[in-house]
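Subject: Structure handover, aromatic contacts

Hello,

Here is the structure for your files. Please open it alongside this note.

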Amino acid sequence: MNERQIIEYIAAQADPTDGQLLKGIGDDCAVIRKDGNRVWLLTMDTLIESVHFNRDFHPPEKLGRKAVSVNVSDIGAMGGKPVFVLLSAGMPHGFDEAWFRAFVSGLTEACREYGCFIIGGDTVASPGGLTFTLTVIGEAEADQVVYRSGARPDDAIWVSGPLGLAAAGLELLNAGIEPDNQAFDLLREKHLNPQARVSLGQQLAASGRVHAMMDLSDGLATDLAHLCKQSGVGARLFARDLPGVAMLADAARLTGCDPERWALSGGEDFELLFTANPDESFHLGGIAEACGLSIFPVGVIVVGVGVTLIRSAADGTNHEIAIAYQGFDHFRNGNGG
Ligand SMILES: [Mg+2]
């Protein structure tokens, strides 16, 4: 089974019938009614040593921050505000206490910055490496929550920042390439200490102009395919519009990798992916600018299924390639992510 089949199997068995549950499996968060106008948003993510992080090059403070960011990113992707955090920590006997204190310091610092705090959890002895699972509970106005399922044909598709930087940074770190180069610092930092676009997500949702939204964790090719499937539509991406590819050129040359592949399927971008009427471009760009960010149009929603990439050749002809679900899959790739 691949990752998608595992999730679909569990969803088919789960059969939730609780009237308080507004959205179960299939979006960035589960959505539960809180009171008249508000909802709780619930999400969970795990970081496992040697799978998601390498202690040889991942400073513990930054890993603590990342554990929070990758979780609150899902809350922001539905337009919510993170409130409570639960932490389950699995650590081997004789773990490095100084390392652990630094990890917790990064974790609590990031919680403060995102406006949430730890309220409980669990600690267990791990026979292998370190594992950290966070559950984050957020809240939102019920009528402002943005789901993956609202994309409509002819919507424009935007992302909230350059793509593939984290994948390139990880490749540089794994290869031990550490030239004194500010551009490479930016790539490495995107892997070590990503920033979740929580404020932007909240403001896009509050604007009422966004039809569908999610965060990019497994790469645009896979995440957009999820959004399309939930919305019952297809999508076309334009290779020439993928933001960030030029920033990856030096790193790609040094490591022998393909920058476009990083942008489409690298994973861990933690930028927002959203759709809206193309006429909203100016207004949505203004919202991003007020958050110190830029948004980039990358494609269009179409009637149909699947995600295709359009590449224009030098002679002016267009080539279409099917790319749905070609991003990261924890059970196909066997590492990272
Ligand atoms: Mg997500």
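Below are the notes on its aromatic rings.

This is a predicted model: local features need pLDDT of at least 70, side-chain atom pairs count only at pLDDT 80 or more, and totals for chains, interfaces and linings use all residues. Residues are numbered from 1 along each chain as its sequence is written, and side-chain values use heavy atoms, with hydrogens and water left out.

**Ring pairs**

There are 8 aromatic pairs in the structure. Rings of Phe, Tyr and Trp (its six-membered ring) pair if their centres lie within 6.5 Å; planes under 30 degrees apart are stacked, over 60 edge-to-face, the rest tilted.

Phe53 lies in the loop between β3 (38-48) and α2 (60-76), and Phe132 in strand β6 (residues 131-141), so the pair ties together parts 79 residues apart in sequence. Strands are DSSP runs of E (at least two residues), helices of H or I (at least four), numbered from the N terminus. Both Phe53 and Phe132 are buried (under 20% relative accessible area; exposed is over 50%, partly exposed in between; 1.4 Å probe, protein chains only). Ring pairs also link Phe53, Trp99, Phe103 and Phe132 into a cluster.

**Charges over rings**

A charge sits over a ring if NZ of Lys or CZ of Arg is within 6 Å of the ring centre and within 35 degrees of the ring normal. Arg4 lies over the face of Tyr325, 3.6 Å from the ring centre. The charged end of Lys34 sits over the ring of Trp40, at 4.6 Å from its centre.

Best wishes
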